[in-house]
Amino acid sequence: MKQFRRGSVLLWAILTQLVLCRNVFARNGTQACKLSGNANSEQKVLDRLEPLAHKNLTVESKEGQDNYMYVFQLCGDADGVPGAGVIQKNTKTHEKPTVIGLYNSTTAIGGSDWVMLIYRNGNKYDTHCNQEARKAIIMISCNKNTEMGALKVILEDRERENDCFYLFELDSSAVCPVQSRLSAGSIILIIGFCLVAVYLIGGFLYQRLIVGAKGMEQFPNYAFWVEVGNLTADGCDFVCRSRNREEAPAYRGVTTDALEEEPEERDDHLLPM
């Protein structure tokens, strides 16, 4: 029995370590990229792309008689090639992959609904662009309907003397601006409920512990709220009553004037002299 308990504890400990390691690994998906510019601002841009980490994205393109496959990975080894963020593979000749850009030389530029990722220091051109190092530009645009869309090859601009590049496009909801799901009215109601709760709890504790009130007197501003309730009841009675307020009562009391003794009429002038 003791061995069974020890085995269960050990199993739970191993599972806990695996979960923690997985969470740490998932959160550090963009830490492998080495930024060449302002590290703080660019790291914030990269953090928006966290859902795209550890995933190989591929796209095929035909150029003349050759068929190429491009593989992109965010801050990771594309297709297992060490240090490569984007590679190019000739599917016909199966030659050694050409590294287009390294993720240890990364630039990240972001807007409200887009991120431009640049990988530099790829393999050098053989004859084009003054044999400079290749560069990949990945334009990631907002699309709320997909977490990660298909990678697209836009162009390879190598007909210039320098600053040549490969341009790719990708849609993802990861770069969309975060919008609050709560309306303004809901936020106001939540704030109002919180203020009422603080008022009631704080007032109750003050009346109970400081003033020493008991019973209903513990309610904060008890006399004021009783008066408000009475006035509300009077107003409701005034507005909602069905009886006419100006209707004369059915019974009229006898006035004191009617009970006063009338003066005795003098009829002495009727008697004969």
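Predicted model: local features only at pLDDT ≥ 70, side-chain atom pairs only at ≥ 80, totals over all residues.
Residues are numbered from 1 along each chain as its sequence is written, and side-chain values use heavy atoms, with hydrogens and water left out.

Let me start with the overall layout. The secondary structure of the protein chain comes to five helices and eight strands, where helices (H or I, at least four residues) and strands (E, at least two) are DSSP runs numbered from the N terminus. Along the sequence the pattern reads α-α-β-β-β-β-β-β-β-β-α-α-α. The protein chain has 273 residues, and 26% of them count as buried; buried here means under 20% relative accessible area, exposed means over 50%, and partly exposed lies in between, with a 1.4 Å probe and protein chains only. The accessible surface comes to about 19900 Å², with 56% belonging to carbon and sulfur atoms, the areas coming from the Shrake-Rupley method with a 1.4 Å probe, and for residues only the protein chains shown count as cover. Among contacts (heavy atoms within 4.5 Å) between residues at least 6 apart in sequence, 46% join residues at least 24 apart.

Now to the interior. In soluble globular proteins, nonpolar side chains tend to be buried together. A nonpolar core, as used here, is a set of buried Ala, Val, Leu, Ile, Met, Phe, Trp, Tyr and Cys residues joined through side-chain atoms within 4.5 Å. The largest such core has 32 residues, and those with the most contacts inside it are Leu46, Phe72, Leu74, Tyr119, Ile138 and Phe168. The elements giving two or more residues to this core are helix H2 (39-47), strand S1 (56-63), S2, strand S4 (98-110), strand S5 (114-121), strand S6 (136-142) and S8. Apart from this core lies another, of five residues, among them Val71, Ala78, Ala84 and Val99.

Not counting residues up to four places away in sequence, Phe168 touches a list of residues including Tyr70, Val86, Ile100, Ile138 and Leu151. The structure holds four aromatic pairs; rings of Phe, Tyr and Trp (its six-membered ring) pair if their centres lie within 6.5 Å, and planes under 30 degrees apart count as stacked, over 60 as edge-to-face and the rest as tilted. The rings of Tyr70 and Phe168 have centres 5.4 Å apart and planes at 70°, so this pair is edge-to-face. It links distant parts of the chain, with Tyr70 in strand S2 (residues 66-73) and Phe168 in strand S8 (residues 165-172), 98 residues apart. Both Tyr70 and Phe168 are buried. The rings of Phe224 and Trp225, with centres 5.0 Å apart and planes at 70°, are also edge-to-face, and Trp225, at 40% relative accessibility, counts as partly exposed. Ring pairs also link Tyr70, Tyr166 and Phe168 into a cluster.

Let me turn to the loops. Gln218 is found in the loop between helix H3 (184-211) and helix H4 (222-240). Is Gln218 buried or exposed? At 10% relative accessibility, Gln218 counts as buried. Its side chain is joined to that of Arg208 by a polar contact of 3.0 Å, a polar contact being a pair of N or O atoms within 3.5 Å, where within protein one must be able to donate a hydrogen and the other to accept it, and residues adjacent in sequence count only if both atoms are side-chain atoms. Glu217 has its place in the loop between H3 and H4, and at 44% relative accessibility Glu217 counts as partly exposed. Leaving out residues up to four places away in sequence, Glu217 touches Gln207 and Tyr222.

Finally, a point on backbone angles. Most residues other than glycine have a negative phi, and most peptide bonds are trans. His54, which is not a glycine, has a positive phi of about 65°; His54 is found in the loop between H2 and S1. Asn121, also not a glycine, has a positive phi of about 60°, and Asn121 lies in strand S5.
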